[in-house]
Structures are given as C-alpha cells and as structure tokens.
Amino acid sequence: MAGLTHPSLVILSGAGLSAESGVATFRGADGLWEGHRIEDVATPEAFKTQPELVHRFYNMRRASLKTVEPNAAHDALVRLEREWPGPFLHITQNVDDLNERAGARKLLHMHGQLRQVRCTWCRAVLTWDGDLETSSACPECARAGKLRPDIVWFGEMPYYIDEIMRALETVDIFLCIGTSGVVYPAAGFARLAAEHGCARLIEMNLERTGISDHFTEQRHGAATVVVPALVGELLSAS
C-alpha cells in the first residue's frame with residue numbers, strides 16, 4: 001500500500017544470547033579469572049602495566065571461539081533481520097562472532113570484537129585469528145608492541161554511541177535479549193527508548209533484572225526458546 005510505513009525495530013543483545021552456544025564467561029563463581037579480577041585484565045591501566053597477562057586473557061577468549069557455533073536464537077535474529085519490513089538494527093554487547101557466522105549484517109558491536117585488533121600507533125583495525133603478543137607487529141605500520149585487542153575496556157567509551165542514540169530516538173519496538181541490566185550505557189537504552197515514545201519494549205531473559213520495570217513485556221526462558229518464538233510472532237504480525 002502506498003505510503004505505508006513499517007515500525008522500526010532495535011535489538012540489544014548480551015551474554016545470554018550466546019550462553020547456550022557454550023561461550024565461556026571466563027569469570028568464576030568468585031568473580032575472578034585465574035585469581036585476577038576481570039577488571040584487572042580489561043582496563044587500559046592493566047594493559048599498560050601487565051600487557052602479557054591481558055594478551056593471554058584475550059588469546060584464550062579468541063581461541064575459544066573456534067569451539068562454539070551459533071544457536072537457534074542467533075539464527076532467529078538473522079531471520080528477523082532479513083524479513084523485517086521496516087528499519088532494523090541489532091546492537092550487541094557481545095564480542096564473539098556468532099551473530100556474523102549466523103549471517104547477521106545490520107549489526108553493531110558496541111564493545112568491540114575478539115577477532116579484531118587495533119594499532120594504537122596508526123589506528124588500523126585488523127582481523128586477527130591467532131594469538132597476540134607484546135612483540136606482534138602491526139601489518140599496516142610495521143611497529144611492534146602497539147597492537148591491542150579491539151575491545152572496549154572498563155572506563156572506555158563504547159563504539160557507535162551516536163548511531164545507537166539516533167536509533168533509540170525513533171524506535172517503535174525495542175527487544176532486549178540476555179543482558180544483565182547492570183552495564184551502562186546499555187542498561188539505560190530501554191529507558192531512553194521509552195522516553196522517546198517507544199510503545200513496545202520486550203525483555204527476554206532467564207529471569208527479571210534490575211531494569212525489567214522499563215519494559216512493557218517480559219519473556220522468561222532460554223534464549224533458544226523465547227527468541228525464535230517471539231520472532232515468529234513479530235513476523236506473523238508484520
């Protein structure tokens with residue numbers, strides 16, 4: 001029909017989306033990794049004072065990607081991306097590549113990606129599948145010791161914030177999948193969407209979170225169950 005406009009849809013995904021694929025959190029029950037606080041291997045200060053430890057942490061995480069595969073929730077979101085008739089954007093806090101392997105294209109990694117490194121000298125961002133060492137040289141500028149994981153660490157500004165904020169100003173349907181609701185600024189996205197007039201905000205998680213009150217609907221359960229079910233509902237109604 002001429003002039004018909006379709007609602008815009010924004011998705012925010014977190015660790016709960018990839019958990020059923022077996023993506024390791026590397027955080028023990030005591031909140032530590034090999035006796036270190038996660039913050040001690042995920043800050044600019046840590047990289048400056050103990051780069052070998054930081055590289056080892058991310059080398060292990062990067063290697064672990066070779067042992068996991070996308071799950072039914074990733075596949076369902078790619079179906080939604082391909083078939084949704086209106087504006088679509090998927091924002092993920094995850095640094096794995098499972099969404100891409102499932103076929104995602106309209107995706108923003110606000111916290112960076114494990115399979116990328118960044119040169120602090122020439123600013124080049126490069127695909128990187130193997131281990132990264134303090135002696136590794138940048139393929140672009142040839143300087144050694146200037147490469148770091150292309151990950152947003154504690155205290156750093158997330159990527160794509162301007163683009164994300166623009167999307168939240170016009171979103172009609174906001175989906176939040178598998179996020180803890182404690183990491184900002186992502187934890188505030190639902191509130192911002194609601195303030196801009198978003199009428200349908202749906203949280204999908206194993207249980208309620210600290211931001212559940214910002215949502216108009218909750219779907220509790222495993223992502224591989226609740227996400228495909230909701231995607232089917234949304235596409236049937238579109």
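Arg118 touches Ala124, Val125, Lys146, Leu147, Arg148, Asp150, Ile151 and Tyr159, leaving out residues up to four places away in sequence. This model is predicted, so please read every value here as computed from the predicted atoms.

**Around Arg118**

Arg118 sits in strand β6, which covers residues 112-119. Is Arg118 buried or exposed? Its relative accessibility is 18%, and Arg118 counts as buried because the cut-off for that word is under 20%. For a sense of distance, take Arg62, which is 56 residues from Arg118 along the chain. The C-alpha atoms of Arg118 and Arg62 are separated by 15 Å.

**The whole chain**

Stepping back, the protein chain contains eight helices and eleven strands. The radius of gyration is 19 Å, close to the 18 Å that the globule rule gives for 238 residues, so the chain is as compact as a globular protein of that length. Its C-alpha trace spans about 60 × 40 × 30 Å along the principal axes.

How much of the chain is buried? Of the 238 residues, 50% count as buried. The protein chain exposes about 11,500 Å², and carbon and sulfur atoms supply 51% of that area. Contacts also reach across the sequence: among those between residues at least 6 apart, 64% join residues at least 24 apart. As for charge, the chain has 23 positive and 30 negative charges, and the mean positions of the two groups are 4 Å apart.

**Aromatic rings**

How many aromatic pairs does the structure hold? There are six. One of them joins Trp33 and Phe57 in an edge-to-face arrangement, with 4.8 Å from centre to centre and 70° between the planes. Trp33 belongs to strand β2 (residues 32-33) and Phe57 to helix α3 (residues 51-64), so this pair ties together parts that are 24 residues apart in sequence. Trp33 is buried, with a relative accessible area of 5%, and Phe57 is buried too, at 2% relative accessibility.

Tyr159 and Tyr160 form another edge-to-face pair, with centres 6.2 Å apart and 80° between the planes. Tyr159 is partly exposed at 23% relative accessibility, and Tyr160 is also partly exposed, at 40%.

Which residues do ring pairs link into a cluster? They are Trp33, Phe47, Phe57, Tyr58 and Trp153.

**Around Leu168**

Our last stop is Leu168, found in helix α6 (residues 161-170). At 0% relative accessibility, Leu168 counts as buried. Setting aside neighbours within four places in sequence, Leu168 is in contact with Val10, Phe174, Phe189, Leu192, Ala193 and His196. Gly31 is 137 residues from Leu168 along the chain, and the C-alpha atoms of the two are separated by 32 Å.

The table gathers the accessibility values for the residues we visited.

| Residue | Relative accessibility | Class |
|---|---|---|
| Trp33 | 5% | buried |
| Phe57 | 2% | buried |
| Arg118 | 18% | buried |
| Tyr159 | 23% | partly exposed |
| Tyr160 | 40% | partly exposed |
| Leu168 | 0% | buried |

Notes
Residues are numbered from 1 along each chain as its sequence is written. This is a predicted model: local features need pLDDT of at least 70, side-chain atom pairs count only at pLDDT 80 or more; totals for chains, interfaces and linings use all residues. Side-chain values use heavy atoms; hydrogens and water are left out. Helices (H or I, at least four residues) and strands (E, at least two) are DSSP runs, numbered from the N terminus. The radius of gyration is taken over C-alpha atoms; the globule rule is 2.2 Å times the number of residues to the power 0.38. Buried means under 20% relative accessible area, exposed over 50%, partly exposed in between (1.4 Å probe, protein chains only). Contact means heavy atoms within 4.5 Å. Accessible areas come from the Shrake-Rupley method with a 1.4 Å probe; for residues, only the protein chains shown count as cover. Lys and Arg count as positive and Asp and Glu as negative; His and the chain ends are not counted. The place of a charge is taken as NZ of Lys, CZ of Arg, CG of Asp or CD of Glu. Rings of Phe, Tyr and Trp (its six-membered ring) pair if their centres lie within 6.5 Å; planes under 30 degrees apart count as stacked, over 60 as edge-to-face and the rest as tilted.
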